[in-house]
Amino acid sequence: MAELELIQCLSSTLSPDTNTRITAELRLSELLKSPDAGLALSRIIVTHELEMSLRQSAAIILRKYVKEHWSPFFAAFRGDAPSAEIKDQIRKSVFRGLSDSQRRIRTSCALTISEIASCDWPDQYPDLLSSILALLSSGSPDMVHGAMRLFTEFIRNDLSEDQLLPVMRELVPVLLTILGDSKHSAYTRAGSIAVFRQCLMSLYMVKDQHPAAVQEATASIIPVWLEAFKVLLDLDISLGVNEQSWDGLAIRKELFKTLDILNTSFPKSLKPYAPTFLSSGVSHLQTLAPLFSKFYISEDAPSIPASSDDDSQLDLTQLVCPIFDFIASTIRSGSGKLWTGAENMNSLIEAVTWWVQITREDEDSWTSNANAFVAQEYDDSLQYSVRIAGFDLLAVIIDRSPAQVVGTFHTAVTKAVGEARKKREGGDPDWWRPLEASLAVIGSQSEDVLTYIEDELDSGRKKPINIDYLLVEVIPSFLSLDECPFLQGRGFVFASQFSRLMPQEIAGSYLNAAIRVIENDDAQIPIKVSAVKAIQNFCQNIANSSLGPLAPRIAKDLGPFLLVTSEDTLTLVLEALSVVVEIEGDWMTTQLAGDLVTAVLDVWAKNVKDPIFISLISGILETIAHFPSPGVYEALVKAALPALCQALESSGPDSSWIVSSALDLLTGIIRGVDSEKGLGEGFFAAIASPLFKCLREVEDRDVLQDTQQVLTWTDPNTNQPGLASILSFVARLLQSQEESGGLFIGDLIIHLMRKAGEAVLPVLPELLQAMLLRMKTATTATFIQSLIVPFNFLIHNQRDTVLGLLESSNVEGDSGLNVFIQTLCENVETFQGFWPSRVSTLALISLFASERPSLQSLVVKGDIVVKPGSKNVIMTRSRTKKSTKTELAPHEFTQIPFPIKAMKILVHEIQSGGEAASMSAFAGTGSVPELESDDGEDDWNEEERQNRGFSHEEFQMLSEMLGPKGVAFDNDEVLDDNDDEDLKNDPISQIDMTAHLIAFFKECASRNTNNFSNIFDQLTIEESLILKQVIES
């Protein structure tokens, strides 16, 4: 291809004439199909005699060419790939561009090489790394910049830990040299820190595989870099960050990001330096505060200084957020414990409060965009900003030092109130910003502040912060400041966050004021959103007796918001409404219920794929369905069923999310129904036909049923009874090889059997046969449990009938009884859930007591045979179960009669007494085994060491969350929250299982059930001792 033609074409694409430009672009598309088009473009890029605009245009087109014509590796590939020889020439030509005198050309070439490397390196481009290292070592600012720009892209996208480690010994000293050489630009030096940070992350990723090598590397590398960081941070920040240039932010931003990674990955290396860097972080916050005020808050704020780098624009927040993150992680990890004295903490909190002020840009954005405003106020917001990072930092330090932080809050807010008053009187238009920030800071930690206040009062001490004064004397005057909507809104939210401290009459006054705001059509977005949030908080904290008269008014006012809000704001409105409808009383009217249901279903129809909205709407429908007011449930059903049934009716293979969400909402309604009143006549008849239609057609689904209505309902289209439809659905699930789709099948069958009673008997043989067939091929533990537990329930209730069916059934040449008993014995000790474990224990008792010859003759897997290879291996239940199914650890087991196996399992049950072995293993010792670690554990104090790095209070809370003694992960008595609410009320759940087992063992001993004395002699010594102690108790 003639380069001249390509140059002319490129020049024409830059023409201001539309026709000329379009013609050139079409011609260019044809030229790019030529095998040597890429080579011509690469030569144009590095030809200094050509105009800069042409060279830049060629660089842009070359990147497009690489994606479309280089290799099928790229998703946009269109064919006409160049030969290997031409590719090699292109790579060399573009790589020369990394040394070009023009920054933009170097940057474009770096991006193009990075694209090529993602495809060609290392196989077709083996010398790339060595070539980059050579440029980095050249000392030339242009070459180093180009190489650093490429390496930053390359290491982020394509270089793995294993590929980076071999060159790290050579690379790291070069990076340090670049960092310390001021002739390189701030961005190039910042790039050296970013690459070093990636090296640290790579070392961390392989430290478990190569502990000695990583320890040696970190011991020699990290201290040198930390000393360099100290030197850089000691330099006057105004030299690189001032009113004319902010390029110096680049280095410091990457520096604090790297310190954060160091604290996470190699805390021991950072710990000696932590106080220095923490102080430096706070010093940066204080030094840069005037610039923040001038460029972000002032009414006549100038434009932010332009960056000398073509590809990025720096601002102060890019440095402040990494500083906040570093300080938070260092204090959280304990590395900064020596630094957290009163003076440092006071300075830190004061700095954070200054930086979380609402900026001019925030004000403009939040005034017109409710979602942006709400996103900054949410506790679990996915948004990230200086304000959110500051609140997160405060959460860390108040958790560590509540007394100190709350005391500082008191001093700071008192000072802020006084200064705001003076500034307002002096005519300062921004007088409200520091005060709003101070209130926002305290409000962001409201739960911790309230807890600390209550603890102090319980201890007989005075309140550490005068919230009452703010609520009574300060905040009320803000509520009518329409000219300051953000302070006005903050006043409502702050008051609601601390409403627990208010007398009911004052809280009621605030609530009425918030209601008037959402009823005011002229109120601005910030105050309306704040009023909704305040109403939500007040309704959670004020007594129901005070809320009842206001509830209808609030619910009616919130309804219209559902139709005009979206995203985060809609989530807030739904959350507020869900709290309002939970207000107790009979205040809900049929008209209001119908209107609310119609509104939330409209939200659902527009957001059928949003799980958060669906969860909130389901909860609202559940609460409304449970209202005692006459006619409310009927109004809900009338408004909801047509839309939900239509969704089920229109289901198809490609619309499973619609069906799933509709079933979620139906489930919510059913959960809310008063069990004594039932679903009402016609409810199931309305949903059954579309429900079973979608169950036949959709793979991803939830199951609903009200069994009594299923038994009496008949499909008008097929004349198939409801029970037959359910069983048809079960059979379909059992035939599927995808076990995850049938995990709930056991729960469905259990509910069906419990509520249907003897009505299920005619179809029981067919159902059990299908479950036995699937049992032989099931692999996952949860699915196997789902198949076995229904059998256990039937055996507990109708033992002889079920055993008769099992004995007479044939499963691919094997006895159905043998299939079931073998599967039961291998899996029963790994069952999860409170009710399933209990019913399985009762089934084993019933099986043992039956004394049927067919059971006595069955031989099952017994105890593991300990061999030299497994002698010192701890055999957990799951490992023991899996060992026979894998060739990695082939263990042998004894073969014993089923009655002996049943007795062993039941003895283990009485031994654990509902307390799993993993929990009791360290019972009374107060500790767990120590493991050597390099995570900084050696620096814990005695209290933290005893409680695994937590304070006593933190560890106590964690223990309460996890269960008795803090580690009872396999204790079914503890982990019963996921069990069905109906099963929790089942008689089986009320049995004293320990007493029941003791009575069973004693009866077996006295009657010699199943030749008990002979079985006793075949138990292990430990088992026989336990059993003897139980019998003699």
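The model is predicted, with local features requiring pLDDT of at least 70 and side-chain atom pairs pLDDT 80 or more, while totals for chains, interfaces and linings use all residues. Residues are numbered from 1 along each chain as its sequence is written, and side-chain values use heavy atoms, leaving out hydrogens and water.

Begin by selecting Lys904, which belongs to helix α44 (residues 898-912); helices here are DSSP runs of H or I with at least four residues, numbered from the N terminus. Lys904 is buried because its relative accessibility is 8%, buried meaning under 20% relative accessible area, exposed over 50% and partly exposed in between (1.4 Å probe, protein chains only). Next, display the side chains of Asp863 and Glu1023. The Lys904 side chain makes a polar contact of 2.8 Å with that of Asp863 and another of 2.9 Å with that of Glu1023. A polar contact is a pair of N or O atoms within 3.5 Å; within protein, one must be able to donate a hydrogen and the other to accept it, and residues adjacent in sequence count only if both atoms are side-chain atoms.

Finally, select Tyr204 in helix α10 (residues 186-205). At 35% relative accessibility, Tyr204 counts as partly exposed. Beyond its neighbours within four places in sequence, Tyr204 contacts Ser265 and Phe266.

Note on methods:
Helix = DSSP H or I, 4+ residues; strand = E, 2+ residues; numbered from the N terminus. Contact = heavy atoms within 4.5 Å.
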